[in-house]
Amino acid sequence: MSGAVHYPFTAIVGMDDLRLGLLLNAVSPAVGGVLVRGEKGTAKSTAVRALAALMPDVEVVAGCRFSCAPGAPDPGCPDGPHEDTPGTARPTRMVELPVGASEDRLVGALDIERALADGVKAFEPGLLADAHRGVLYVDEVNLLHDHLVDLLLDAAAMGASYVEREGVSVRHAARFLLVGTMNPEEGELRPQLLDRFGLTVEVAASREPEQRVEVVRRRLAYDDDPAGFAARWADEEAALRARIVAARALLPSVVLADAALRQIAATCAAFEVDGMRADIVMARTATALAAWAGRTDVREEDVRQAALLALPHRRRRNPFDAPGLDEDKLDETLEQFGGNDEPEPDPDPDGGSDGPGNGPDGPDGGPGGGGGIPPQGQGPEAEPPHTNEPGQPDESRESEAPEPSTAAGPRPGAGEQSPVAAAEPFRTRMLSVPGLGDGAAGRRSRARTEHGRTTGARRPRGTLSKLHLPATVQAAAPHQRARGRSGPGLVVRRDDLRQAVREGREGNLVLFVVDASGSMAARRRMSAVKGAVLSLLLDAYQRRDKVGLVTFRGRGAEVVLPPTSSVDAAATRLEQLPTGGRTPLAAGLLKAHDVLRVERLRDPSRRPLLVVVTDGRATGVRGEDAVGLAARAARLHAAEGTAGVVVDCESGPVRLGLAGRLAGELGGSAVTLDELRADSIAGLVRDVQAGTGTRTTGTNRRAA
């Protein structure tokens, strides 16, 4: 162990699924990595660093920046060829990918100036090269830009990284153990990206006092004397390291029989997972479990454990579904398709032997046992796998929601009605912020971005990332004679380089201001309103927006959900929303103004879109001009250039047009619930016209 003394892997208390998922990937990186989902402060990062310190040393070619193996170097290595080059041993690296990393930092950078002028592929390796044959750790992977996650997972799947810049191409090997962590409260990964992770484990702090006491006791002992604490666990660490080496050696000898393969295929079919990746990952995981247990045959217990690790995150059908697996259904499927020719499992797979099945026996037992979850010698047993996000209700979004009288949520007070289930969501029309922004990459409003169509060129500010080749040649061409050009090559200087200006889409902050007053309390009406907001939340998820939720009713307004990337958290709060009381519309708009003021300081580049869901009515105390106060509050948003849209919930044969008037004060547009649907023929896709008070469609319902 070199450098800082890491917390020992075998000293981690509990977290059985997490430890097992990491160890299986250490035995067989082909499993495809592990995504660790859980609340903050649950030893996610500690476990990953501890595993990297536990991994056996690797032999590398001396001087190779890409960690080629001396016996089998990469034939396409940019530092090659490596013929008869001596090797040297070094510890397994753990490379961390920060959330704010650039594409060049991840995949590497090419010196475009040298490539154009001298024809030299001057390549500076990135983090993928550093992580080759090691561990790549991505904390808060759900907060990475989508294109970086795509590049990362492509490299993990192919075992190689490709860098292409204006016709110059570099390839190098990139095989690593991929570990990503995320807090679901801060937003989910897209299902397509979730599917690329081999395994997923849920972690949560134990609720058992004795186990929590042991966690604190060990952590304090480590902080007081890291070296001494690590020394007390050195034997357990050495034994576990030896077991990883033995399991790796045994892995090629493990046989996946047809009976086990049928169980794997039947399980994936029974749970209706998309594609074939789940079947492949389950097969590799079950094989790794057998090798970890010291066996050469895959048994039903291995298939079951593989399903619990590989399938829950692949069953999400929409962003508001929590990962989970019905274990009763799993057991029924395995029993139905189980073979009778499988050997009976040993009562003790380790058998007390010194072979690869004999795990370390430290003070807490360490990861040991057979193909299942490694047991803890002390402390309570591991908690059962979670099937829902922490704090989320067990019921599904709409079709399986309980009757309103029994729906989850706060108990209604005086003048309130219990929460109403949302209507079925639908595909909405796109609402966007006008102008050209500079926010984070997304899919809503026009913006200057690193990816998208090229619209022009400029001199680079700092490091050149995207070359505009025609503009560069045009800048260099007039100076060729003065620079003494004598051959076919173009003489290019740094001052000639031009950066491509690209236009794509950005994500916005979509702040919902929802009327939950008595005027909206008719159950069918509120169900439709919730369905509309839920549809807009789904649209925000797909367009990579941040969302916030403000509601107003009774005597004031409250921020039900501060701006966050967790769209499913907003959906949960919406589902639990009761209705009733007066309609303090002005208070809702003023509360939204306060939220946006703070967010502009925190994230000035993210432009807001205000969505007010109301029928436009406003009530207050006697003698108060509630409608006038609401108009004044709306004009505050208009004065700051906030793009706004009013979703008009007014219904019935007699309509006052108050929502349209409010939209005029906001300087935005009004759209009815029916017009909000993408399949409606009442209007076309529209931009919110901030500051003009007009709309781009002919469906304006403002009162004259």
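How many disulfides does the structure hold? The structure, which is a predicted model, holds 0 disulfides.

**Cysteines**

- The sulfur of cysteine 68 has its closest cysteine sulfur in cysteine 77, at 3.6 Å, which is too far for a bond, because a disulfide requires a pair of cysteine sulfur atoms within 2.5 Å.
- Cysteine 68 is buried, with a relative accessible area of 3%, and cysteine 77 also counts as buried, at 6% relative accessibility.

- An open sheet is formed by 5 strands, which follow one another in the order 4-7-10-1-11 with parallel pairing.
- The edges of this sheet are taken by strand 4 (94-96) and strand 11 (199-203), each of which has a single partner strand, so one side of each is left without a neighbour in the sheet.
- From one strand to the next, the twist averages 20°.
- Strand 7 pairs with strand 10 (residues 177-182) in the parallel sense over 4 bridges, and the bridge partner of tyrosine 137 in strand 10 is valine 179.

- Glutamate 214 counts as buried at 17% relative accessibility, and arginine 218 is buried with a relative accessible area of 5%, whereas arginine 217 counts as partly exposed at 47%.

**Salt bridges elsewhere in the chain**

- Glutamate 640 forms a salt bridge with arginine 600, and the closest N and O atoms of the pair are 3.0 Å apart.
- This pair links distant parts of the chain, 40 residues apart, since glutamate 640 is in the loop between helix 19 (626-639) and strand 22 (643-648), while arginine 600 is in helix 18 (residues 585-602).
- Both partners count as partly exposed, glutamate 640 at 40% relative accessibility and arginine 600 at 28%.

**A nonpolar surface patch**

- Val215, Val216 and Leu220 form a nonpolar patch on the surface, and together they have about 240 Å² of accessible area.
- Leucine 220, one of these residues, lies in helix 8 (residues 209-224) and counts as partly exposed at 48% relative accessibility.

- Arginine 133 is not a glycine, yet it has a positive phi of about 70°; arginine 133 is placed in the loop between helix 5 (127-130) and strand 7 (135-138) and is partly exposed, with a relative accessible area of 28%.
- Glutamate 272, also a residue other than glycine, has a positive phi near 55°; glutamate 272 lies in the loop between helix 11 (258-270) and helix 12 (277-292) and counts as exposed at 57% relative accessibility.

Note on methods: Residues are numbered from 1 along each chain as its sequence is written. This is a predicted model: local features need pLDDT of at least 70, side-chain atom pairs count only at pLDDT 80 or more; totals for chains, interfaces and linings use all residues. Side-chain values use heavy atoms; hydrogens and water are left out. Buried means under 20% relative accessible area, exposed over 50%, partly exposed in between (1.4 Å probe, protein chains only). Helices (H or I, at least four residues) and strands (E, at least two) are DSSP runs, numbered from the N terminus. Patches are made of residues with over 30% relative accessible area and no salt bridge: like charges are joined within 9 Å, nonpolar side chains (Val, Leu, Ile, Met, Phe, Trp, Tyr) within 5 Å. Accessible areas come from the Shrake-Rupley method with a 1.4 Å probe; for residues, only the protein chains shown count as cover. A salt bridge is a side-chain nitrogen of Lys or Arg within 4 Å of a carboxyl oxygen of Asp or Glu. Two strands pair if DSSP finds at least two bridges between them. Axes are lines fitted to C-alpha atoms, for helices over the stretch in contact, and angles run from 0 to 180 degrees between N-to-C directions.
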